[in-house]
Amino acid sequence: MAETKALSEPQKALRKLGLGRDIDLALHIPLRYEDETRIVKLKDAREGDTAQIEATVTDSQVQYRPRRQLVVTVDDGSDTCVLRFFSFYPSQQKALAPGVRLRIRGELKGGFLGWQMVHPTYRPAGGELPEALTPVYSTVASLPQAYLRKAVASGLERADLAETVPADAPPAPGKATAWSLRQALHFLHHPTPEVSLAALEDRSHPAWLRLKAEELLAQQLSQVESRREHDALQAPPLKARKGGLHEQFLAALPFQLTGAQRRVSEEIAASLARDRPMHRLLQGDVGSGKTIVAALAAAIAIDSGWQCALMAPTEILAEQHFRKLIGWLEPLLAPKGLRVAWLTGSQRKKERGEMQQLVASGEAALVVGTHAVIQEQVQFRKLGLAVIDEQHRFGVEQRLALRGKACPREGRDPDPSPGEPHMLMMSATPIPRTLAMSYYADLDVSTIDELPPGRTPVVTKLIADSRRDEVVERIRSQLAEGRQVYWVCPLIEESESLDLTNATATHEQLSAALPGVLVGLLHSRMPVPEKKAVMSLFTGGQMGVLVSTTVIEVGVDVPNASLMVIEHAERFGLSQLHQLRGRVGRGAAASACVLLYSTGDAGRLGETARARLKAMAETSDGFEIARRDLEIRGPGEFLGARQSGAPLLRFADLATDAALLDWARAVAPLMLDRHPGLAARHVARWLGGKSEYLKA
């Protein structure tokens with residue numbers, strides 16, 4: 001077979017932008033537009049206008065003060081204008097020689113002192129003026145606008161833009177379906193000059209509404225289809241029996257469940273009892289008691305003769321769960337000859353081998369661990385329930401791998417698994433309702449919206465880095481009362497060594513400032529046994545201050561810790577700040593969270609950082625925090641691209657397009673039932689192969 005021709009640089013750049021198909025090019029909507037449809041006179045122009053003029057060069061020279069620049073004076077018959085070029089080639093000097101007549105476009109500055117343009121675009125004067133606005137596309141360095149404009153124009157001509165929204169679908173709101181897709185795309189690539197630029201920029205023009213309606217419909221079709229496929233699968237019905245393990249577990253607990261914990265436990269029990277796989281997201285604020293709900297679900301699965309796996313993203317969090325679950329469940333499992341197993345990457349080979357045997361034989365009824373749970377060597381005898389904590393920290397492939405563990409090897413078991421385990425995914429980052437309706441339409445969502453009694457409210461204070469000494473004084477007073485303190489340093493993604501230097505320097509400063517106090521240091525590079533030793537000293541109360549990078553973000557539970565200091569708080573995301581704050585206020589003592597911020601060289605905080613810190617100071621409600629986080633970051637970042645490639649919205653905005661989302665949610669099931677061919681074409685057009693990711 002002949003080798004495919006090597007791609008040119010621009011073709012590679014197109015691929016990099018994800019513009020491989022004609023429809024991808026057609027859907028590459030301009031970032032903004034330039035109006036090259038008319039020529040203005042300098043005498044009629046205003047300061048700050050981006051104007052297009054036709055003028056003759058009257059003077060052109062290279063000046064060297066204050067820096068080397070090409071300075072060109074032009075006259076359009078009504079006034080003169082100076083063009084400045086700080087980087088230029090000899091060929092440009094020739095093209096801008098006196099006497100040459102040019103068509104020039106740029107931002108006008110000056111006015112009173114005479115007009116100026118810096119680095120305007122120019123070409124020889126004359127020729128037809130365009131009839132539509134000129135599109136400016138997002139691009140990469142090796143892809144010039146001229147090449148991209150041609151590629152988009154030819155993609156738009158070749159793309160199959162036949163209607164896929166069926167004629168019997170109800171009309172979309174706001175004239176969204178008054179335009180065909182073809183009309184909408186042609187208009188958005190080449191809008192006519194009289195169009196309201198505001199309607200284009202705020203995406204309220206009917207052409208934009210058409211695009212957003214189509215995109216939301218593709219997303220909902222994909223989600224509904226995914227849900228239907230999922231509901232068609234078989235799973236073992238796990239029924240809670242009277243007097244069974246979950247009731248024994250509840251009776252042994254030293255506290256009562258909250259109303260919200262009871263409600264979500266009943267929702268989960270009802271799903272587990274069905275013979276189709278549960279696919280449920282359990283969300284609740286930091287400290288709302290999701291682990292106890294997961295333990296109840298595990299008890300039901302084990303009592304039905306099946307195994308349960310709980311996977312957490314970090315070893316510290318997995319160990320926290322392991323300790324709690326062993327304390328709660330081991331006494332009830334031991335009389336049945338069953339155990340709780342522990343699997344992690346840092347285990348010695350011998351210990352891991354023993355644990356894998358317990359899992360394979362079924363003696364390990366509950367398996368707790370990190371990514372090690374999904375390694376190839378781990379074979380479950382009968383996996384009936386998979387629980388994933390902090391599910392947004394796992395990629396799609398990892399979640400699919402855990403689901404795949406349900407099928408035992410052939411010949412191993414006379415009662416093989418019917419194929420799919422029930423899935424319970426937990427998140428302490430609550431998802432706002434509109435987001436859940438859109439991105440998690442294929443999941444059932446259970447929400448714990450009530451905190452257990454005994455959680456003390458945490459006071460949050462914003463303090464500038466220049467007042468660091470006051471914070472150290474506050475630490476002294478907390479330690480004098482027998483309390484403990486967290487000091488969190490940011491993770492600097494580009495450089496682990498910088499992280500380390502930062503955390504180590506802070507550790508040294510605090511050790512010097514607090515003589516006689518044991519100050520610990522915890523960071524990602526430490527060997528696991530060392531991390532465990534530091535954590536046990538802090539958990540046991542011997543260590544007064546723990547300096548840490550964000551490895552303590554979730555799961556660490558030290559009721560005696562009453563103060564959390566977060567250094568460079570402006571570098572953290574909102575949900576991360578909220579998670580960290582949730583590590584204090586777990587005991588009876590009044591607790592506080594100090595957000596130490598630095599304004600850096602700029603001398604002031606950026607707008608986004610300011611909005612995040614303001615939200616933290618104003619509310620401790622995880623659901624309100626999530627709503628504000630969505631406002632600040634937008635859905636794509638908020639969900640981490642639904643972890644790796646699930647389609648996120650490029651055009652629609654859930655904050656403003658709720659009516660279009662409602663329309664798409666109503667049309668999707670009807671379309672799948674009545675027009676499956678159109679539905680398949682619609683999803684393929686908008687999502688390509690990305691819809692597969694939704695099935696995790």
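Here are some friendly notes on the structure shown above, point by point.

1. Start with what kind of model you have: this one is predicted. The chain has 696 residues, and 51% of them count as buried.

2. Next, look at the chain as a whole. Its accessible surface comes to about 31600 Å², and carbon and sulfur atoms account for 52% of that area. For contacts between residues at least 6 apart in sequence, 76% link residues that are at least 24 apart. As you follow the sequence, then, keep an eye on partners that lie at least 24 positions away, as in that 76% of these contacts.

3. Now for the cysteines. How many disulfides does the structure hold? The count is 0. Two cysteines to find in the viewer are C81 and C593: C81 is buried, with a relative accessible area of 0%, and C593 is buried with a relative accessible area of 0% as well.

4. Strand β5 (residues 101-107) runs antiparallel to β7, and 4 bridges join the two. To see the pairing in the viewer, find L102, which stands opposite P124 in β7.

5. Strand β10 (residues 307-311) deserves a look of its own. Are its residues mostly buried or exposed? Of its 5 residues, 5 are buried. Both faces are covered, with Q307, A309 and M311 on one side and C308 and L310 on the other.

6. β10 also has neighbours to trace. It runs parallel to strand β13 (residues 383-388), with 5 bridges between them, and Q307 stands opposite L383 in β13. β10 pairs with strand β12 (residues 364-369) in the parallel sense too, over 4 bridges; here L310 has V368 as its bridge partner.

7. Finally, compare two helices. The axes of α10 (residues 290-303) and α11 (residues 315-333) come within 11 Å and cross at roughly 35 degrees, and the crossing is right-handed. Among the residues that meet are T291, I292 and A295 in α10 and H321, K324 and W328 in α11.

Terms used
Residues numbered from 1 in each chain as written. Predicted model: local features only at pLDDT ≥ 70, side-chain atom pairs only at ≥ 80, totals over all residues. Heavy atoms only, no water. Disulfide = S-S within 2.5 Å. Buried < 20%, exposed > 50% of the residue type's maximum accessible area, 1.4 Å probe, protein only. Pairing = 2+ DSSP bridges. Contact = heavy atoms within 4.5 Å. Areas by Shrake-Rupley, 256 points an atom, 1.4 Å probe, with all protein chains shown as cover. Axes fitted to C-alpha atoms, helices over the stretch in contact; angles between N-to-C directions. Left-handed = near helix turned anticlockwise from the far one by under 90°.
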